[in-house]
Every structure is written in structure tokens, then in C-alpha cells.
Amino acid sequence: MIGILLALQVKNWNEERKVRVLEKEVLSNLLISLSSDAENQINYNIGRLKAELMSINYIKQLRNGDIIYNDSLDVHFGCLMTSKGFSPELNAYEELENRGMQIIRNSELKNRYIENI
């Protein structure tokens, strides 16, 4: 009888350990995805927005009569015509969705994730 209970306890412990390993893997993938999005897309868009702000300032100077029109201002007008976008890496989010939110033990983390999807 004790052997059966012990075997059941070991089995439960092993299953819990597998779930914790999976939780760490999923959270690690989310962190990598978020870091990649920040580095590759958000920072790029920030750079583009800074360039646009500089172009807006040149165009304002033109409008205010501080400078006269010349061909180099065309670059600034063109700069304002580019679009910015954001396409997050979704694989880690899809993995979490497929595995189920119940694998995340931290309730605050789980709630913050749910609030932002």
C-alpha cells in the first residue's frame, strides 16, 4: 500500500516538474519575442519618427519663411510619406495559447497578460 502511494506521489511530482519546465520555456520564449519586437521594430519606428520630426521642423521653417524652398526639401516631404508599422512576433503567444494559461503560476503575470491581449 505504501509503495503504491509513494509511486503515485513520485508520478505527481514528475508531472508537476514537467509543467514547470514547460512554463519556463513558454515564458522564456515570450521574453525573447518581446525583446526582439522592441529591438527590431519599436526602435526602428522610433528612429523613423525622430527623422520625421526633424523633417517637420524643416517644413515649418519653410512655412514660416525662415528658409526658401530648394530641392533638398523634397527629401523632407518624402520622409513624411513613409508608413510605420508593427508586426509582433506571434509564435510565442500562439504557443502559450495552445498550451493554456493554466501553466503560468504567477497570477499577477497571468492577469497582466490577459489585460493586454
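This is a predicted model: local features need pLDDT of at least 70, side-chain atom pairs count only at pLDDT 80 or more; totals for chains, interfaces and linings use all residues.
Residues are numbered from 1 along each chain as its sequence is written, and side-chain values use heavy atoms, with hydrogens and water left out.

View 1. Helices here are DSSP runs (H or I, at least four residues), numbered from the N terminus. Ala7 is partly exposed, with a relative accessible area of 47%; the classes are buried under 20%, exposed over 50% and partly exposed in between (1.4 Å probe, protein chains only). Twelve residues separate Ala7 from Val19 along the chain, and their C-alpha atoms are 19 Å apart.

**View 2. The largest nonpolar core.** Such a core is a set of buried Ala, Val, Leu, Ile, Met, Phe, Trp, Tyr and Cys residues joined through side-chain atoms within 4.5 Å. Nine residues make up this one: Leu22, Val26, Leu30, Ala92, Leu96, Met101, Ile103, Ile104 and Tyr113. Helix H1 (2-63) and helix H3 (91-99) are the elements that give two or more residues to the core, and H1 has the largest share, with three. As background, nonpolar side chains in soluble globular proteins tend to be buried together. For a closer look at one member, pick Ile103: apart from neighbours within four places in sequence, Ile103 is in contact (heavy atoms within 4.5 Å) with Val19, Arg20, Leu22, Glu23, Val26 and Leu96.

**View 3. The aromatic pair.** The structure holds one such pair; rings of Phe, Tyr and Trp (its six-membered ring) pair if their centres lie within 6.5 Å, and planes under 30 degrees apart count as stacked, over 60 as edge-to-face and the rest as tilted. Tyr93 and Tyr113 are stacked, because their ring centres are 6.2 Å apart and their planes at 15°. Tyr93 belongs to helix H3 and Tyr113 to helix H4 (residues 107-115), so the pair ties together parts that are 20 residues apart in sequence. Tyr113 is buried, at 18% relative accessible area.

**View 4. Salt bridges around Glu23.** A salt bridge puts a side-chain nitrogen of Lys or Arg within 4 Å of a carboxyl oxygen of Asp or Glu, and by this rule there are four. Glu23 meets Arg20 at 2.9 Å, N to O; the two are three residues apart in helix H1, about one helical turn. Both partners are buried: Glu23 has a relative accessible area of 6%, and Arg20 has 15%. Glu23 also bridges to Arg105, with the closest N and O atoms 3.2 Å apart. That pair links distant parts of the chain, with Glu23 in helix H1 and Arg105 in the loop between H3 and H4, 82 residues apart. Arg105 counts as exposed, at 54%. Through shared partners, salt bridges join Glu16, Arg20, Glu23 and Arg105 into one network.

View 5. The side chains of Glu15 and Lys18 meet at 3.8 Å, N to O. Both residues lie in helix H1, three residues apart, which is about one turn of the helix. Glu15 is partly exposed at 39%, and Lys18 is partly exposed at 44%.
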